[in-house]
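Let's walk through this one together, from the overall outline down to a few side-chain pairs. Have a look at the fold before reading on.

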Amino acid sequence: QERLTGKDALKNLEKQLEILEKQKEVIRERLGLQRDEQNELANNLKKYGATFDEDGTLNNYFTTHDKILKEYNDKVAQWNQMTAEQQESNKDYLSNAKEIMDQAFKDLERYDKLQQELAKTQQEQIDKVQEQIDLKVK
């Protein structure tokens, strides 16, 4: 680029700007997909009393964690109250309850990780590309 002059330099700059704009759009799309996933996880976690502030931060991580565990422990207590005959007819009761608990814990961890990523990495990438665009335009 330093050796290019006139129309060639201008075409080169325009091409670089076009590439940077495309990079910025890809980052925005990825950010949108992550936000969609975050919203889906948030809806799943609300069943366990999870609350979020306006920027999506989970306000009560440990309370939500404890509620998930309590629901599983309640299912175990219910299982223990069943007769042998009831347990036999509900063989998958505990394994289903454990699967639900495990998925809820995965959702909780993924939400937390995703929130951290969204708050930091993606916006930094957009800002970095925008800085490059601004430098090229000047």
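A word on exposure to begin with: a residue is buried under 20% relative accessible area, exposed over 50%, and partly exposed in between, using a 1.4 Å probe and protein chains only. Keep in mind that this is a predicted model, where local features need pLDDT of at least 70, side-chain atom pairs count only at pLDDT 80 or more, and totals for chains, interfaces and linings use all residues. Residues are numbered from 1 along each chain as its sequence is written, and side-chain values use heavy atoms, leaving out hydrogens and water.

Now the overall picture. The protein has four helices and zero strands, giving the pattern α-α-α-α along the sequence. Helices here are DSSP runs of H or I with at least four residues, strands are runs of E with at least two, and both are numbered from the N terminus.

What are the spans of the C-alpha trace along its principal axes? They come to about 90 × 30 × 15 Å. The radius of gyration is 25 Å, while a compact globule of 138 residues would have one near 14 Å; that radius is taken over C-alpha atoms, and the globule rule is 2.2 Å times the number of residues to the power 0.38. Buried residues make up 26% of the 138. Even so, of the contacts with a separation of 6 or more, 65% are between residues 24 or more positions apart, a contact being heavy atoms within 4.5 Å.

On to the charged side chains. The whole structure holds seven salt bridges, each defined as a side-chain nitrogen of Lys or Arg within 4 Å of a carboxyl oxygen of Asp or Glu. One of them sits in helix α1 (residues 6–46), where E18 and K22 are four residues apart, about one turn. Their side chains meet at 3.5 Å, N to O. E18 is partly exposed at 46% relative accessible area, and K22 is exposed at 52%.

Helix α2 (residues 61–81) carries another: E71 and K67 are four residues apart there, so about one helical turn separates them. The N to O distance for this pair is 3.9 Å. Both count as partly exposed, E71 at 32% and K67 at 35%.

D102 is partly exposed at 29%, as is K98 at 38%.
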